[in-house]
Amino acid sequence: MDKPFLDKLRSIAPYVPGEQPQDADIIKLNANENPYPPAPGVEQALRAFDAAALRLYPDANGRALKNALARRAGLRETQVFLGNGSDDVLALAFQAFFCSDKPILYPDITYSFYPVWCELLRVPYETVPLGADFRIGPRDYDRPNGGVILPNPNAPTGIAEPLSFIEDILQHNPDCVVIIDEAYVDFGAESAVPLVAAYDNLLVVQTASKSRALAGMRIGWAYGSETLIGTLEAVKNSYNSYTMDALALAVGTASVADEAYFRATCDKVMATRARTAEALAALGFSVLPSRANFLFVTHPRRQAKAIFEALRQQNIFVRYFSLPRIDNYLRITVGTDEQMDRLLAALRALL
């Protein structure tokens, strides 16, 4: 049967997340989730939430959460933008800022949602190859462009650059918006938030999914100049005025309030990361220097895909990417010490 409307449908290859197995007896190290629960105040906020309030629309401006984030960052509330996870924030930022006929620039090995948004929104782009050491070359971004987006730390490599590096990029790109995607910054990297006051074209995007153990709640935000944040608000309100629900706003505010728990949890993940990296190196793996809650590793004598499949048979899930340059690497989320011990024992038996 002829269906002429089919040629008018959008054809696009969507982002593919890691497997989400639901079995209880698994070790899930493939999605960069936090192995520890959220702050105790989050549970209190959930228990105290009045379900009857769900009949009302949430605060479209999210004032309580914005205020908490602004105080923590030393910025004004008008310099904070909220979204339904950092993916929502980034997608709106692509719509708001990448409107030039010049291509935006980002690394060839990076978060695989960037090209999806470019294709969906018809944003021209060019990927900039990382060096042989998987580092970003700042001089590679010294050319005409419609915008720059860099994850710091990068994913899936976990490599982070210092604040001076980010400032160098900003100084050489004053005529476009520079977005620094800091999904993993809380695990030992330097945040670019201190640069917001000096650079009106800087947007720093963060999330509660990783370091605050709220991946299931979908809470993200951005810091930037009032000009950038105002533009983001206008785009959001032209698309969906209520991106965050009332429960997410309450939970997010409670999480930000508990700085001590947040720091302690990040410290535990970083300590386990260091111990695991040392143990993997002892097994012969090459381990990239990570400032994220995962490790990016390769073994000189065993194919990554074979290791991935062998671990999967033992209900240990890590992430494998069948992509150029990294198809012999595995990305391993840092779990609890017990989970990592089980991973290491499986790898010792396999190798």
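A: This account concerns a predicted model. The buried residues of helix α4, which spans residues 113-121, are Phe113, Tyr114, Val116, Trp117 and Cys118. Among the elements that cover these buried residues are α3 (86-97) and the strands β3 (104-107), β4 (125-128), β5 (147-151) and β6 (178-181). After α4 comes Arg122, with a positive phi near 55°.

The largest nonpolar core has 50 residues, and within it Leu202 and Ile219 touch the most other members. Two or more residues are given to this core by each of α2 (63-73), β2 (80-83), β5, α5 (163-171), β6, β7 (202-207), β8 (220-224) and α7. The largest share, five residues, comes from α5. Beyond its neighbours within four places in sequence, Ile219 is in contact with residues including Leu65, Thr207, Leu214, Met244, Ala248 and Val251. Another core, of 29 residues, lies apart from the largest one and has Phe81, Phe94, Tyr106 and Phe113 among its members.

Helix α7 (residues 246-257) also packs with helix α1 (residues 40-48): their axes come within 8 Å and cross at roughly 150°. Angles over 145 degrees count as roughly antiparallel, and α1 and α7 are therefore roughly antiparallel to each other. The crossing of α1 past α7 is right-handed. On the α1 side the contact is made by Gly41, Val42, Ala45 and Leu46, and on the α7 side by Leu247, Ala250, Val251, Ala254 and Ser255. By class, this contact of α1 with α7 comprises seven nonpolar and two polar residues, with no charged residues.

How values were computed
Residues numbered from 1 in each chain as written. Predicted model: local features only at pLDDT ≥ 70, side-chain atom pairs only at ≥ 80, totals over all residues. Heavy atoms only, no water. Axes fitted to C-alpha atoms, helices over the stretch in contact; angles between N-to-C directions. Helix = DSSP H or I, 4+ residues; strand = E, 2+ residues; numbered from the N terminus. Parallel < 35°, antiparallel > 145°, perpendicular 65-115°, else oblique. Left-handed = near helix turned anticlockwise from the far one by under 90°. Contact = heavy atoms within 4.5 Å. Nonpolar A, V, L, I, M, F, W, Y, C, P; charged D, E, K, R; others polar. Buried < 20%, exposed > 50% of the residue type's maximum accessible area, 1.4 Å probe, protein only. Core = buried A, V, L, I, M, F, W, Y, C linked by side-chain atoms within 4.5 Å.
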